[in-house]
Amino acid sequence: MNGSILQHLAVTTATDIVRARSVARQEAARIGFGLADQTRLATAVSELARNVLKYATEGSCTIHEDSTPVEMRLHITMEDHGPGIPDITAAMKDGYSTGGGMGAGLPGTRRLVDKFEIESSPGFTRVTISMVRKRQ
Amino acid sequence: MKVPIIRLGKVLLVSIQVDLTDAAALQFQEDLINRISETEALGVAIDITSLDVVDSYMARVINDTASMARLLGAEVVISGVQPFVALALVEMGRELINVDCVFNLEQALKKLEVSIAARGDRGGNRDTYEW
């Protein structure tokens, strides 16, 4: 991915969920995203970080920016080396959950962001969310 | 990080001032239902003005806490849901189901007073009700 890495955070404890969502909000604010988008991103990061802890025990969260003079562009990638998602199509449907949760995680998160990419195989899962806004 | 629970007559006041970890949220839930039981509080007001993120987990903890409180016999009102928190929760397909929400703590106390009085139990008559 072009652009620069703003933050690279480990996701290994429940405290890291709080930190990741807080850092995501700060970076989004610094780039110039409004309060609604900051909250969408922070909430999405919180959901994804919790998934990492729940299914893979640990992973990482990387925040990239490749903004241009006309657009603010923020991307957040969550990676882990857990068992992977056996059926991504099913996991992206509302109500699906294998983790004993409420199954709002991935489809709910997708609705908060502009772009949601997921790749998963046993031993590696990567979710990238993006938010792109024209500068005012 | 403990969330302080303040007793005001027959009502408990809680203001969540910091972003809670999952463990702290569950601790809060347990502390609150224990306090409700000990004090036989008739109502609980939970203010979440300071929460700038409520994800699906926290939303579930709040919903569950309200259900537990009602099972014990207390009315629950949530105040101070931030507009962007409401936006994100609804977009995600989550909401604070079956929990009464109001703008601020003052309205929360008024609403509790009315709903406790309306129950008509434990001397909860609106005119003679003791705070």
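Predicted model: local features only at pLDDT ≥ 70, side-chain atom pairs only at ≥ 80, totals over all residues.
Of the 131 residues in chain B, 47% count as buried.

Chain B has four helices and five strands. Along the sequence they follow the pattern β-β-α-β-α-β-α-β-α. What about contacts in chain B between residues at least 6 apart in sequence? Of these, 73% join residues at least 24 apart.

Ile78(B) sits in strand 4 of chain B, which covers residues 75-79. Is Ile78(B) buried or exposed? Ile78(B) is buried, because its relative accessibility is 0% and the cut-off for buried is under 20%. Gln107(B) is 29 residues away from Ile78(B) along the chain, and their C-alpha atoms are 9.8 Å apart.

Now to chain A, and its sheet. In what order do the five strands of this open sheet lie? The order is 1-2-3-5-4, with antiparallel pairing. At the edges are strand 1, residues 4-11, and strand 4, residues 115-121, and each of these pairs on one side only. On average, neighbouring strands in the sheet are turned by 15° against each other, ignoring direction.

Let us walk across the sheet from strand 1. Strand 1 of chain A pairs with strand 2 of chain A, residues 59-65, through seven bridges in the antiparallel sense. Within that pair, Gln7(A) is opposite Ile63(A) of strand 2.

Next comes strand 3 of chain A. Strand 2 and strand 3 of chain A run antiparallel and are joined by seven bridges. A hairpin of five residues links strand 2 of chain A to strand 3 of chain A. Here His64(A) has His75(A) of strand 3 as its bridge partner. On its other pairing, strand 3 of chain A meets strand 5 of chain A over ten bridges, again antiparallel. Met72(A) is opposite Arg133(A) of strand 5 there. How many of the ten residues of strand 3 of chain A are buried? Eight are, and the strand is mostly covered.

As a general point, side chains in a regular strand alternate between the two faces of the sheet.

What lies against these strands? Helix 2 of chain A, residues 35-56, lies across strand 1, strand 2, strand 3, strand 4 and strand 5 of chain A. Its direction is at about 180° to that of strand 5, which is residues 124-134.

Two packed helices are described by the angle between their axes and the distance between the axes. For helix 2 of chain A and helix 3 of chain B, residues 83-92, the angle is about 50° and the axes are 9 Å apart. Why is this pair called oblique? Helix 2 of chain A is oblique to helix 3 of chain B because of that angle of about 50°. The crossing of helix 2 of chain A and helix 3 of chain B is right-handed.

Which residues make the contact? From helix 2 of chain A they are Leu35(A), Ala36(A), Thr39(A), Arg40(A), Thr43(A) and Glu47(A). From helix 3 of chain B they are Phe84(B), Val85(B), Leu87(B), Ala88(B), Glu91(B) and Met92(B). By type, the residues of this contact are seven nonpolar, two polar and three charged.

That is the end of my part.

Note on methods. Residues numbered from 1 in each chain as written. Chains lettered and ligands numbered in written order. Heavy atoms only, no water. Pairing = 2+ DSSP bridges. Helix = DSSP H or I, 4+ residues; strand = E, 2+ residues; numbered from the N terminus. Axes fitted to C-alpha atoms, helices over the stretch in contact; angles between N-to-C directions. Contact = heavy atoms within 4.5 Å. Parallel < 35°, antiparallel > 145°, perpendicular 65-115°, else oblique. Left-handed = near helix turned anticlockwise from the far one by under 90°. Nonpolar A, V, L, I, M, F, W, Y, C, P; charged D, E, K, R; others polar. Buried < 20%, exposed > 50% of the residue type's maximum accessible area, 1.4 Å probe, protein only.
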